Amino acid sequence: MKIKVKLFGSLTTVVPGYLPDKGLDVGLPAGSRAADLLALLGIPHPRLATLIADGRVLKPEDKLSSKSVINIFHVMYGG
Amino acid sequence: MKIIRVDMSKKSICVEDVPREYMGLGGRALTAAIINKEVPPKCDSLGPENKLIFAPGLLSGTNFVNTSRISVGTKSPLTGTIKESNGGGTIAAALGHLGITAVVVEGKPAPGEMFILGIDEKGEASLIKADDYKGMRTYKLMEKLIDSFGNKISVMCIGPAGEYLMKSASIQTSDVDDRPCRAAARGGVGAVMGAKGLKALVVDRRGKSADAIANPEAFKEAAKIFAQKLKENPFTGQLLGNFGTAGILAAINAMGAFPSYNATKGVLDGWENISGEALSKVMKERGGGPGHMGCAQCAIHCSNIFNDSKGKYVTSSLEYETIWALGGMTGIKDLDTIARLDFLCDDIGLDTMNTGVAIAVAMDAGYKKFGDGQAAIGMVEEIASGSEMGKILGDGPEAVGRHFKHHRIPAVKGQSVAAYDPRAMQGLGVTYATSTMGADHTAGNVFGLYMAKKLDPLKPEGQVAASRGSQIAMAAMDSIGLCILAAVALAAPEAAAALVQAISAKIGRQLEGSAIAELGVRTIKMEKEFNQKAGITSKDDRLPEFYYKEALPPHNTVFAVKDEELDTTLAV
């Protein structure tokens, strides 16, 4: 399946040539989970990464949907 | 270790050793203790019986990173509760270098009298008539103070809003570049300073009489470990330096929790225009940028410099909460306008959050249209003029709501909420409702728990415990003088141990790991005691009704934590 991914913060430099306005189109086997996407993209500190889709924070074991845009952040805190 | 007491009624100053009952306390814990013991709880917050206390944190003035935080404590004219408004800049370090534990301002001068309190490099304090500075905005004031006192000073000051005794008046404080762009913003502390007839506190930065550290080698080692862990954390080591606190704006919108158009939507259409990423790009293109060091001892550099399209300075430390209040809540999606509004608030001496939300309530009531940047600038200038409408706006969202008879007022105990909607982040609602000082995200922010997948932000379960834990931790950080952004490093056990070790090394007594939480609990207990004596009850610990009745898109949820659960939050 194809998934639209958007990277934020320092993660925008993880994928060479990443364009924030366009995001990424990533190919993954059907049934792939959040953790699989992090591994494929080579996100540093994957334990500190957060995926948000459709307003909800995904857990590593959550299955991905090709209908959703996956937003990826490093864990952040409010000050 | 000394306390400088300034009686504005008698124009007298005395210096005393820190009394035994206040020993070992700093920052918020110390202001809570002094207010609880010395201020009549039902006093007029703008009268002579109230006190205004400036207290650096326990570690301020040491070389422990990110400890130049100052607590400004008083009874708040905005909330009617005890208040600790926390600020950065350089003044906490300056006071620490002089071995000054607190400056306590008491009494009230005759109407029209205004003074500057100066503290020189030997720690000698004096009151200087400030007639020439009356009505002056803070940037110009800062220039004049440098002319008079030299360029090695740290300043806390008020602008016109504080002199007008407005409830959104801030106390601005100077950053490392001598700009009055940082603030102890919340709770109307600037109005208390105005009522005391104090235009500015000016402290020489060259003090060399800091309190001795009992075990300097152990302190140095602990400080080194903590700084290392701060650097290793992606949030404090990378994100904040590259994007500032606005780096979280995209995530809050992605979670549907960004209160927009006076809290009627959880996502701002076009938020990409005002995100941390957009801000960083614009600032770099114009010769300013993120990664600016705003506070003494800072290793994070979350501050920034925002220039206009010609490269001319507009404002500094343009933060997430400010962008939200002056942008998201008002529907203004233009960074230049938001930056201009931020500058005006700093210059006039206004809490950007209370002011932004006041403007949003006025817009929601039909006074002006959402998204009208020029109208927003006009409203802030109206505050500076001291007109009738300006006074209403300058007293914050509740005053504006009352004036327009508008029901949707996002405030608790008179103080505006922050940039996390309680219907989409229920734990923030618990903090807004139950904090000892009105809606205050810094009193106990649990957003990080949601990002870390430890708690579902939309469900009421677990939110009270999360808020409680965060409120205790933040009370402790505010007392230690550690920037709450730097407190993120405490997630690493080595950093937490290093902080305990540093405090132990400073005071010469080995503390247990539980000491930090105990400090937080002790602080909150003192604050609650004062509030109860002031007449604050659990009925005051509630969110406005609309949060329970008006569902917030896109999740279409309401605040769902039950009252009886809220009442257990700070049963510490």
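Among contacts (heavy atoms within 4.5 Å) in chain B between residues at least 6 apart in sequence, 70% join residues at least 24 apart. This is a predicted model, in which local features need pLDDT of at least 70 and side-chain atom pairs count only at pLDDT 80 or more, whereas totals for chains, interfaces and linings use all residues; side-chain values use heavy atoms, with hydrogens and water left out. Residues are numbered from 1 along each chain as its sequence is written, and chains are lettered from A in the order in which they are written.

Chain B has 572 residues, of which 66% count as buried; here buried means under 20% relative accessible area, exposed over 50%, and partly exposed in between (1.4 Å probe, protein chains only). The C-alpha trace of chain B spans about 55 × 50 × 50 Å along its principal axes. Its secondary structure comprises 22 helices and 17 strands, taken as DSSP runs numbered from the N terminus (helices H or I, at least four residues; strands E, at least two).

H11(B) covers residues 335–348, and its 14 residues should span 20 Å at 1.5 Å a residue, which agrees with end C-alpha atoms that are 20 Å apart; the expected span is 1.5 Å times one less than the number of residues. Twelve of these 14 residues are buried, so H11(B) is largely enclosed by the rest of the structure. The buried set includes Asp342(B), Asp346(B) and Asp347(B), along with Leu341(B), Phe343(B) and Leu344(B). Gly349(B) follows H11(B) and has a positive phi, near 85 degrees.

H12(B), residues 352–364, gives a similar check: at 1.5 Å a residue its 13 residues should span 18 Å, and its end C-alpha atoms are 18 Å apart, which agrees. Twelve of the 13 residues are buried, so H12(B) too is largely enclosed by the rest of the structure. What covers these buried residues includes H10, H11, H13, H14, H15 and strand S17 of chain B. At the start of H12(B), a side-chain oxygen of Asp351(B) reaches to within 2.9 Å of the backbone nitrogen of Met353(B), while just after the helix Gly366(B) takes a positive phi of about 95 degrees.

Strand S17 of chain B contains Gln415(B), which counts as buried at 0% relative accessibility. Leaving aside residues up to four places away in sequence, Gln415(B) touches residues including Leu78(B), Arg186(B), Asn354(B) and Asp440(B); Asn354(B) is itself one of the buried residues of H12(B). Ala296(B), by contrast, is found in the loop between strands S13 and S14 of chain B, and at 17% relative accessibility it counts as buried. Ala296(B) and Val65(B) are 231 residues apart in sequence, yet 8.6 Å apart in space, C-alpha to C-alpha.

Over all chains, the structure holds 33 salt bridges, each a side-chain nitrogen of Lys or Arg within 4 Å of a carboxyl oxygen of Asp or Glu. In one of them, the side chains of Glu319(B) and Arg182(B) meet at 3.2 Å, N to O. This pair links distant parts of the chain, with Glu319(B) in the loop between strand S15 and H10 and Arg182(B) in strand S11, 137 residues apart. Arg182(B) is buried, with a relative accessible area of 9%. Glu121(B) also forms a salt bridge with Arg206(B), the closest N and O atoms being 3.7 Å apart. Here the partners are 85 residues apart, and both Glu121(B), at 38% relative accessible area, and Arg206(B), at 39%, are partly exposed. Elsewhere, Arg5(B), Glu16(B), Glu38(B), Lys51(B) and Glu106(B) are linked in a network of salt bridges.

Turning to the interface, 31 residues of chain B are in contact with 23 residues of chain A. About 2200 Å² is buried between the two chains, and carbon and sulfur atoms give 68% of it; this buried area is the accessible area (1.4 Å probe) that two parts lose on being put together, summed over both. On the side of chain B, Pro234(B), Met451(B) and Lys453(B) lose the most area to chain A, together 27% of what that side buries. The rule finds one salt bridge across this interface: Asp456(B) pairs with Arg56(A), the closest N and O atoms being 2.7 Å apart. Helices H7, H8 and H17 of chain B are the elements that give two or more residues to the side touching chain A, and H7(B) gives the most, with six residues.

Technical notes: Polar contact = N/O pair within 3.5 Å; in protein donor to acceptor, adjacent residues only side chain to side chain.
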